[in-house]
Amino acid sequence: MERTLWDLLCKAAHDEPDRIALSEASTGRAVSWSALANLADRASAGVLHLGMRRGDRVIIALPNRIEFVAAYFGVLRAGLVAVPMNPRTTTGEFLRVMGDSQARMVIVDHVGIASARAAVEGMRSVLSGPGTSVELITVEVSPEPGERAWNDVVGGATADPAVRE
């Protein structure tokens, strides 16, 4: 029997919905299995709604946090390719990975926002035409024009009620 990571997440959400799946030592936030599956499912729907297609690459440049895991599972659920990156990466490295992977989306928080913004702007200045744009999704960072907030992508409020503070 073949199982995907999404199948395993759904099984955990079904078998132990209220059990803590993840907790962040630095913030004290925690999320249950059912809430994680729900958030990942909303992330999947959100990235597809933005026009991502099966096989598109998504850079996830987030530190160890709930949104990293939700984004990772959501990207996989959508049939996309997750490209995890160190959020402390330089602009040049962001550009290299974007070019090599042909990423069409970057999900980033305050840790890597400056480098990611510069890299996305660099890619936009070089590329043009249909299917060449790069979406920038910000987690807990106010989006600038042309960017989108994570909470808007997942259709959530500023504080997701599924995530316990």
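This dialogue goes through how to read several features of the structure above.

Student: What kind of model is this, and how are its residues numbered?

Tutor: This is a predicted model, in which local features need pLDDT of at least 70 and side-chain atom pairs count only at pLDDT 80 or more, while totals for chains, interfaces and linings use all residues. Residues are numbered from 1 along each chain as its sequence is written, and side-chain values use heavy atoms, with hydrogens and water left out.

Student: How many helices and strands does the chain have, and in what pattern do they follow one another?

Tutor: Helices (H or I, at least four residues) and strands (E, at least two) are DSSP runs, numbered from the N terminus. Here the chain has six helices and eight strands, and along the sequence they follow the pattern α-β-β-α-β-α-β-α-β-α-β-β-α-β.

Student: What share of the chain is buried?

Tutor: A residue is buried under 20% relative accessible area, exposed over 50% and partly exposed in between, with a 1.4 Å probe and protein chains only. By that rule, buried residues make up 47% of the 165 residues in the chain.

Student: How do I read the packing of α1 against α2?

Tutor: Two packed helices are described by the angle between their axes and the distance between the axes. The axes are lines fitted to C-alpha atoms, for helices over the stretch in contact, and the angles run from 0 to 180 degrees between N-to-C directions. Helix α1 (residues 5–15) and helix α2 (residues 33–49) have axes that come within 7 Å and cross at roughly 140 degrees. The two helices are therefore oblique to each other, given that angles under 35 degrees count as roughly parallel, over 145 as roughly antiparallel, 65 to 115 as roughly perpendicular and the rest as oblique.

Student: Which residues of α1 and α2 meet?

Tutor: With contact meaning heavy atoms within 4.5 Å, W6, L9, A12 and A13 in α1 meet W33, S34, L36, A37, A40 and D41 in α2. By class, this contact has eight nonpolar, one polar and one charged residues, where Ala, Val, Leu, Ile, Met, Phe, Trp, Tyr, Cys and Pro count as nonpolar, Asp, Glu, Lys and Arg as charged, and the others, Gly among them, as polar.

Student: Where on α1 do its buried residues fall?

Tutor: W6, L9, A12 and A13 of α1 are buried. Seen down the axis of α1, its buried residues fall within an arc of 125 degrees, so they line one face of the helix; the arc is that of the directions from the helix axis to the C-beta atoms. What covers these buried residues includes α2 and α3 (66–77).

Student: At what angle do α4 and α5 pack?

Tutor: Helices α4 and α5 (residues 113–126) pack at an angle of about 50 degrees, with their axes 8 Å apart, and that makes α4 oblique to α5. The contact is made by T91, F94, L95, M98 and G99 of α4 together with S115, A116, A118, A119, V120, G122 and M123 of α5, and its residues divide into eight nonpolar, four polar and no charged.

Student: Where is Q102, and is this residue buried or exposed?

Tutor: Q102 lies in the loop between α4 (91–101) and β5 (103–109), and at 61% relative accessibility it counts as exposed. Its phi is near 60 degrees, a positive value in a residue other than glycine.
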